[in-house]
Amino acid sequence: MMLSRAKPAVGGAPPAGDRRRKKGKKVPQLEELLALRDFTGAIALLEFKRHVGEQEEDADLWIGYSAFHLGDYKRALEEYEALTKQPACSPDVWVNLACTYFFLGMYTQAEQAALKAPKSRLQNRLLFHLAHKFSDEKKLMSSHQNLQDITEDQLSLASIHYMRSHYQEAIDIYKRILLDNREYLALNVYVALCYYKLDYYDVSQEVLAVYLQQVPDSTIALNLKACNHFRLYNGKAAEAELKNLTDSASSSFEFGKELIKHNLVVFRGGEGALQILPPLVDVIPEARLNLVIYYLRQDDVQEAYNLIKDLEPTAPQEYILKGVVNAALGQEMGSRDHLKIAQQFFQLVGESASECDTIPGRQCMSSCFFLLRQFGNVLIYLNSVKSYFYNDDTFNFNYAQAKAAMGNFSEAEEVFLLIQSEKIKNDFVYLSWLARCYIMNKKPQLAWKLYLKMETSGESFNLLQLIANDCYKMRQFYYSAKAFDVLERLDSNPEYWEGKRGACVGVFQMILAGREAKETLREVLHLLKSTGNSQVEYIVRIMKKWAKENRVPV
């Protein structure tokens, strides 16, 4: 049951059910069909009797009841609405109608219908859920106080705990009910779902196995098992778990078809996202979030922002995703406001009691400090979780930047070189930081190779400036001179000549000190002669005189 639906259901034919009747057997009675939960058979029997004039007592009520339990809420709605228009309509029909509206996502109509029904435990439970949907804390507490210590009311309470992310509280209720009612096998699925939400995927699998032993073709249970496999292993393992389910195309599959289609998009790394996810936004809560993630992976940050900007986050994942989107948009647009919002979202999650000691919580705090440029604190949090992310390129990219920002260039270089993603390796941030690490680690020739591999662009010009200035600062004058020479040819700014002049003199000084090969002088003279400046002749004359005296060919 999609208790989390956020928009009314539209379209769709009723799902086909399993036909339990076998040829040659007598026609079963309505009570037998209902006891067997054969609601398709019950509807067929009632409609047949209605057609031949053998009207069963309360036939319309039973058709509505059966359609509702089949998940055919539109059919149930038609029956119940027709009943409410009859003069002798039972007042209890209103609560049934209200439940049908609720499962169609028509919450305002559900509340109106529920209030016309006489007071009952079912009415209170429904109003309890509606108060949650409307975020009306006052009504929520009022209905909460009317709950009793009976199974149905406690299950309703556990459901609200689950939807408010109070997973441990929900588990406690389910386990208490299971102690007294071992035959309520389906509660194991609810417990497993809570453990899944708490990231205890292996525990979730163990609990789920109890139910699957008895009901091996359950859509919800098999889907949850697939999700656990996705978290524990990978998308292929998860998809394999769903294969038998999708092949069977049973009524059980029809019931959860939208959920399965959504999850297959996730398992396949976003394949088919634009065809499948948009219609499911506000039907399956995660559809919006996964569509946002898809847009981020496609570098369509603006689309991702448009989709999430009006979402009021209630769960940690929603806060984190809003933070990521605002951080990406802030960097793309150079917007301090978006970066500030992102930093606040990350801090809110990272400092919360429920998330502060989780891996996502620590990642959030590292992101918060990264945006604040407090890299010492970034490393404290990333060091605490790095064992979980050894081969994660995005983690290593951020980790290496923080190392480099703190001056740990040797370690930063090692981490940068672990990265395999071509997209990251072609990013200017990666190239510039790696070049700086090479230079600080006395490998300027490798920084120069990074420049040579780049196509001429604004970014290659910026990398040249970095190499020229950093090499000069580190007394690696030869590569500084080469960089300043290219910069001077690209831009007539006199500062580049001054940098080149200083670097060339620096190389000469290193040759005199025996810390640079004498043969380098020939290339230095060539670099100087390419500049039409009056100072060149004087510098060249001095260098040539020394070369002649020391028998160095130039």
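1. Contact here means heavy atoms within 4.5 Å, and helices are DSSP runs (H or I, at least four residues) numbered from the N terminus. Of the 14 residues in α30, 12 are buried, where buried means under 20% relative accessible area, exposed over 50% and partly exposed in between (1.4 Å probe, protein chains only). The buried set includes F477, Y478, Y479, F484, V486 and L487, and also K482, D485 and E488.

2. A word on provenance before going further: this is a predicted model, in which local features need pLDDT of at least 70 and side-chain atom pairs count only at pLDDT 80 or more, while totals for chains, interfaces and linings use all residues. Residues are numbered from 1 along each chain as its sequence is written, and side-chain values use heavy atoms, with hydrogens and water left out.

3. Which residues have the most contacts inside the largest nonpolar core? They are F416, I467 and L528, in a core of 69 residues. A nonpolar core is a set of buried Ala, Val, Leu, Ile, Met, Phe, Trp, Tyr and Cys residues joined through side-chain atoms within 4.5 Å. Helix α27 (residues 428-440) gives the largest share of this core, nine residues. A second, separate core has 37 residues, including I160, L178, C194 and A238.

4. F416 also leads us to a helix pair. Leaving aside residues up to four places away in sequence, F416 touches F397, A400, Q401, Y430, W433, L434 and C437. Between the helices, F409, A412, E413 and F416 in α25 meet Y430, W433, L434, R436, C437, Y438 and M440 in α27.

5. How do the axes of α25 (residues 409-416) and α27 cross? They come within 9 Å and cross at roughly 135°, with axes fitted to C-alpha atoms, for helices over the stretch in contact, and angles running from 0 to 180 degrees between N-to-C directions. The two helices are therefore oblique to each other: angles under 35 degrees count as roughly parallel, over 145 as roughly antiparallel, 65 to 115 as roughly perpendicular and the rest as oblique.

6. Some backbone angles deserve a look, since most residues other than glycine have a negative phi. R373, not a glycine, has a positive phi of about 60°. R373 sits in the loop between α22 (359-371) and α23 (375-385) and counts as exposed at 62% relative accessibility. R551 has a positive phi near 55°, lies in the segment after α33 (534-549) and is exposed, with a relative accessible area of 78%.

7. Within α18 (residues 285-297), the buried residues include R288, N290, Y294 and Y295. Their cover includes α16 (257-267), α17 (273-280), α19 (301-308) and α20 (316-333).
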